[in-house]
Amino acid sequence: MLAPRESTSREHRRLDGLWDFALDRDGRGRAEHWERGPLPGARPMPVPASWNDLVTDRDEREHAGEVWYQREVRVPRASAGRRTVLRLDAATHAATVWVDGTEVARHEGGYTPFEAEVTGLVHGRETVRVTVCVDNRLSLHTIPPGVLVEEEGRPPRQVWFHDFENYSGLHRPVWLLTTPTAYVADVVVRTGLAGGAGTVAYDVTTVGEGRTSVRLLDADGAQVAAQEGASGELVVPGAVPWRPGAAYLYTLEVRHGEDVYPLAVGIRTVRVEGARLLVNDEPVELHGFGMHEDVALRGKGHDDARMVRDFALLRWIGANSFRTSHYPYAEEVLDLADREGVLVISETAAVGLHLSLMTGVTIRGESTFGPGAIDEVTQRAHLQAVRELVERDRNHPCVIAWSIANEPDTRVPEARDYFAPLFAEARRLDPTRPVTFANVAGAGPDVCTVSGLADLLCLNRYYGWYVDQGDLAAAEAHLEAELRAWRAAYDKPVLLSELGADAVAGLHSLHARMWSEEYQRELLAMTLRVLRRVDGVIGEHVWNFADFATAQQFHRVVGNRKGVFTRDREPKQVAHWLREQWRGGYSGG
Ligand code: GCB
């Protein structure tokens, strides 16, 4: 599904702003057909935003179930004789959409877009009523998984297995798009570099009659290549490659009939060779973060201001990369990473496939994979999540790898059966990028059954925090021993994809005790020291870029405090130290 891009033939309206909103506390909305009229007791709610932190009632904040959004939409006059599409960039976690009471779309998965053609429904109308019912419930069959706990005399309670708030709502823009009736439905590009020339192989999917052609424009808008037909390969002599930190973007102008779709294209290659990760055939080190789309009040709602600040801080601190932990981020984020030359590992929302960690409820003896737990129904949802991620993000030069999951329980043989088809599907859809997953502590090289499937080893390790607590000397020895064991077992690059310590901003300790800003800095210094010593380690993604909201737990201080920045994006002590390391040219690997 193509991202919304305006052109001479495409007009797009963002339906952002205040919508009517109703929380369906008793689950009556569907039976009473709230889509057919104004929502009962409606109150204003902004889109995009999570609704959870905007309500004042505590029980409402914890509501597990459906909420309803509604607004009148003026039909663009220019829609006559054209195709009109309603698109939602993200409804977390599942949604049903109606236009004037007619159901037009259903979607599961809270972080990928979906759309419905509504041409017939808007035809001849001045306004239509758009209603969206959003469900925040998670089950063992959803990605991410969770469990709804139902107890006599209490509203249902959602338990989830991931360490971030279960924010919900219309988290990203909603669009009304118009295109010609014959149009460009999809385009896939694959770029190459050889002997100073760049190549852009393309494959266009179209609907309706018309001639299909493409032309490639350089950053100044000058045409550098052109071709007729729905697929082919453009050759660009003297191409300027897209490089980390030095992005260069061409525009592929795709035409079909009257329709024009402009796609940003960075010409670059990425591959793994032995224990090296190569971009444009040059080894790269990754220095950066696991991040979250999370900020006060707005929750997971996309916010250009937050995004711009985050990228400014990435530059300030000298980071060159991040992982979209633990779900696909807004496409705006990838667009900006394309422009800024930031390298991205794009991850599905499959977080928490490890039932013996952090569950708080007992499920089938807490063995993760099998009937009654994470089973083939979950696997089907997971396959769909992989497809939607790859199909959405594969044209972004910034995306250098796919992450299939975060910290699944890969110690058991069933994990390999569960994951093998998921890796295969990612590779079938995109043979050009390495595929990986974030490996959990305890699933070392001797026991992990899935690492053999990965091109790049991403390890989440908390030596000095969850293990060897407060004992950085022991942590140093244990981390080094484990990294060496991985390198002995696999000739693959290793990224320390999580490391870190909680630090409450403003808490200081001369003796660098846990939770202080000093301890966080010392733990990171110890870890980076070890990484420099082990050959084949290609870098680190510190956990986390910023403090973020989580469920309530005794080890969370109103949220996770492993941020190098606070939740309002101010630096902790460690940020200044990291900046010296990364901008001073740390050389690992
Ligand atoms: C992890 C998880 C991440 C958590 C982090 C922590 O391993 O991948 O989601 O937030 O640890 O701080 O415990």
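This note reviews the ligand site, the domain division and selected salt bridges of a predicted model.

1. Basis. In this predicted model, local features need pLDDT of at least 70 and side-chain atom pairs count only at pLDDT 80 or more, whereas totals for chains, interfaces and linings use all residues. Residues are numbered from 1 along each chain as its sequence is written, and side-chain values use heavy atoms, with hydrogens and water left out.

2. Ligand shell. Around the ligand there are 13 residues, of which Asp163, His326, Glu407, Tyr466 and Lys562 come nearest (a residue is near if one of its heavy atoms lies within 4 Å of the molecule). The shell comprises 5 charged, 4 polar and 4 nonpolar residues; here Asp, Glu, Lys and Arg count as charged, Ala, Val, Leu, Ile, Met, Phe, Trp, Tyr, Cys and Pro as nonpolar, and the others, Gly among them, as polar.

3. Polar atoms at the ligand. A side-chain N or O atom of Asp163 is 2.5 Å from an oxygen atom of the ligand. For Glu498, a polar side-chain atom lies 2.7 Å from a ligand oxygen, and for Arg556 an N or O atom of the side chain is 3.0 Å from a ligand oxygen. The protein covers 92% of the 320 Å² of accessible area that the ligand has on its own (Shrake-Rupley method, 1.4 Å probe).

4. Domains. The chain is divided into domain 1 (17-172), domain 2 (183-265) and domain 3 (283-583), with bounds from an automatic or database domain assignment. The C-alpha centres of domain 1 and domain 2 are 36 Å apart.

5. Salt bridges. The count comes to 51, a salt bridge being a side-chain nitrogen of Lys or Arg within 4 Å of a carboxyl oxygen of Asp or Glu. Glu32 and Arg28 form one of them, at 3.0 Å from N to O. Glu32 is partly exposed at 43% relative accessibility, as is Arg28 at 36% (buried is under 20%, exposed over 50%, partly exposed in between; 1.4 Å probe, protein chains only).

6. A pair across the sequence. Arg487 and Asp535 meet in a salt bridge at 3.5 Å, N to O. Arg487 belongs to helix 7 (residues 472-489) and Asp535 to the loop between helix 8 (517-533) and strand 32 (537-543), so the bridge ties together parts 48 residues apart in sequence (helices, H or I of at least four residues, and strands, E of at least two, are DSSP runs numbered from the N terminus). Arg487 is buried at 17% relative accessibility, whereas Asp535 is exposed at 54%.

Notes: Polar contact = N/O pair within 3.5 Å; in protein donor to acceptor, adjacent residues only side chain to side chain.
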